Amino acid sequence: MTTLTATQISNQPEAFIHAVHGALKTTSLKVAEAFGKRHRDVLRKIDNLDCPSEFTCAHFCADVQTVNLGQGAKRESRVIEMDKDGFMFLVMGFTGHKAAQIKVAYINAFNWMAEKLGCAPTNVEDRKPLNRAVRTLANLRSAQGEAADYAGMWKLVNGYLGVPTIEDASQEQIDRAMMFVQDSIERETHKIIEGDYLAKQTLPAPVAETIDYPLTRQWDEWQEHHLVGMDAMYFSDIRRLIKQLLEASRTGATLQVGSVANIQEELKALSHLCQTRGIQKRKAEEKLSHIQNFVGSLAKTTNCMQSTLAR
């Protein structure tokens, strides 16, 4: 396969990086194309990454797409989407001068797309005004003699923005947080001036998150590697739902339930797999019992023959 040049990636960053719900992603197909590797080899590399499952779930996501094979031929193939962190972890093992150039061009493409979409992470200097404002608000809310809860205040701000940490916030999110914190400072100041010490106000709840798993695969179309083993992390909607629920529990986000049809089908498939394995185990135990009985009978017959010959 032909390796692309760094210039080709630099000239067409949008051909390699795309936005999914505001997050920048690339795919295993694009990585294979850029580095001149076979797609199945890239998939095998991802499957064999030596990293915690939490990292894999957070930065890699499997999908099934129609892949062009040339001359009009197409087929369904597993394709893995990954963010910038996942990409960088994956390509650490790609060595050589040419590979290094492709890595740099790819990372620059991520950064260019981030700037274009206004979702580039901010730095310490960008966040200094917000940091001062949050500390001021925390100090104002401790006016009743309580210790200033800086960590709790940042947790609420992060939850309001819907980001894991403030370091992940874009400049637009920083500006929104600044406006909210300034409004909160004004409210707290009025309370102090008027001598009205009310209970601490809570920040608005994060934007409601929707649980939506529409039907994509009937229960009898699920294969065993979709349900158990390493591949399950790429296919299982149940695992994604649990992760979504845990994150909502951490941030306090409101959940709205759409469809859970595919999760129901996955549960049926999982139940069927458990039943099938149980039947197979019982059959194996029955066969083993028959063999043991046969061996026992054979041993008795052998003893009888030896006794007869001894006489």
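Tutor: Strands are DSSP runs of E with at least two residues, helices are runs of H or I with at least four residues, and both are numbered from the N terminus. The model is predicted, so local features need pLDDT of at least 70 and side-chain atom pairs count only at pLDDT 80 or more, while totals for chains, interfaces and linings use all residues. Residues are numbered from 1 along each chain as its sequence is written, and side-chain values use heavy atoms, with hydrogens and water left out.

The protein chain has 13 helices and 6 strands. The part to look at is the pair of helices α7 (residues 124-141) and α8 (residues 150-161), whose axes come within 9 Å and cross at roughly 120 degrees. Axes here are lines fitted to C-alpha atoms over the stretch in contact, and angles run from 0 to 180 degrees between N-to-C directions. The angle makes α7 oblique to α8; under 35 degrees counts as roughly parallel, over 145 as roughly antiparallel, 65 to 115 as roughly perpendicular and the rest as oblique.

Contact means heavy atoms within 4.5 Å. From α7, the residues in contact include Leu130, Val134 and Arg135, and from α8 they are Tyr150, Met153, Trp154 and Val157.

Elsewhere, strand β2 (residues 23-27) holds Threonine 27. This residue is buried, with a relative accessible area of 8%, where buried means under 20%, exposed over 50% and partly exposed in between, with a 1.4 Å probe and protein chains only. Leaving out residues up to four places away in sequence, Threonine 27 touches His18, Val79, Ile80, Glu81 and Met82.
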